[in-house]
Amino acid sequence: MADALRAGRGLELRPLNLRDAKALFALVEANRPRLDRWLPWPATNLCLQDSRAYILRVRAQGRAGQAQSFGLWWKEQLVGIAGFVWIDAAHRSAAIGYWLAQEAEGHGLMTAAVKALLRHGFRALQLNRIEIRAGVRNHRSRAIPRRLGFRHEGTLRQAERLGDRFVDHAVYGLLTGEWRSR
């Protein structure tokens with residue numbers, strides 16, 4: 001399991017614990033309409049037990065080296081989630097995923113969080129490639145990899161089903177050499 005990561009701006013990324021389940025569920029509930037627009041999982045996180053199951057699952061994935069998920073804590077409050085949604089140790093690659101509560105937007109928190117994940121991924125995990133995928137029309141999510149020097153590598157057509165529609169994904173990649181040269 002990863003330790004907490006400091007990201008600046010008073011933001012800390014901490015691995016989730018079961019004691020965080022109530023805060024996580026409340027945050028999902030408060031942001032559900034926004035999250036449903038771009039993510040498939042809110043439809044399956046409908047009660048406190050679902051948040052507990054998510055935390056147990058990501059902790060097990062973390063112990064197995066398959067993924068790492070962090071709660072984003074700002075001003076002593078849980079304001080979002082970010083982490084490596086999958087890690088492929090054999091190929092030294094991973095993908096970052098994230099979401100942020102509406103009230104925490106506009107403070108540079110997610111950019112700071114992703115920067116911390118990049119440092120952790122390229123240094124501690126010794127990754128060679130990190131990618132981010134975002135819905136083509138999700139301009140806020142797409143702005144983060146652009147801001148951090150990722151290359152737009154292409155578009156996956158109808159890559160994800162969200163309710164009754166399919167969403168195209170923009171794929172961004174960053175290599176360790178590119179990150180080091182920044």
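Student: What makes strand β2 and strand β3 a pair in this predicted model?

Tutor: Two strands pair if at least two bridges are found between them. Strand β2 (residues 11-15) and strand β3 (residues 68-74) are joined by five bridges, in the antiparallel sense, so they count as a pair. Within this pairing, Arg-14 stands opposite Gly-71 in β3.

Student: Which sheet do these strands belong to, and what is the strand order?

Tutor: The sheet is open, has eight strands and mixed pairing, and runs β1-β2-β3-β4-β5-β6-β8-β7. Neighbouring strands in the sheet are turned against each other by 25 degrees on average, direction ignored.

Student: Which strands does α1 lie across?

Tutor: Helix α1 lies across β4 (77-88), β5 (93-100), β6 (129-135), β7 and β8 (165-175), and runs at about 70 degrees to β4.

Student: Why is Asn-31 called buried?

Tutor: Asn-31 is found in helix α1 (residues 21-38). Buried means under 20% relative accessible area. Asn-31 has 2% relative accessibility, and therefore counts as buried. Asn-31 touches Ala-101, Gln-102 and Glu-103, leaving aside residues up to four places away in sequence.

Student: What makes the approach of Asn-31 to Leu-27 a polar contact?

Tutor: A polar atom of the Asn-31 side chain lies 3.0 Å from the backbone oxygen of Leu-27. The cut-off is 3.5 Å between N or O atoms, one able to donate a hydrogen and the other to accept it.

Student: How do you know what length to expect of helix α2?

Tutor: The expected span is 1.5 Å times one less than the number of residues. Helix α2 (residues 48-63) has 16 residues, for which 22 Å is expected; from first C-alpha to last it reaches 23 Å, close to that value.

Student: Why are the buried residues of α2 said to line one face?

Tutor: The buried residues in α2 are Ser-51, Ile-55, Val-58 and Gly-62. Seen down the helix axis, the buried residues of α2 fall within an arc of 70 degrees, so they line one face. Their cover includes α1 and β3.

Student: What follows α2?

Tutor: Gly-65 follows α2, with a positive phi near 75 degrees.

Technical notes. Residues numbered from 1 in each chain as written. Predicted model: local features only at pLDDT ≥ 70, side-chain atom pairs only at ≥ 80, totals over all residues. Heavy atoms only, no water. Helix = DSSP H or I, 4+ residues; strand = E, 2+ residues; numbered from the N terminus. Buried < 20%, exposed > 50% of the residue type's maximum accessible area, 1.4 Å probe, protein only. Contact = heavy atoms within 4.5 Å. Axes fitted to C-alpha atoms, helices over the stretch in contact; angles between N-to-C directions. Arc of directions from axis to C-beta.
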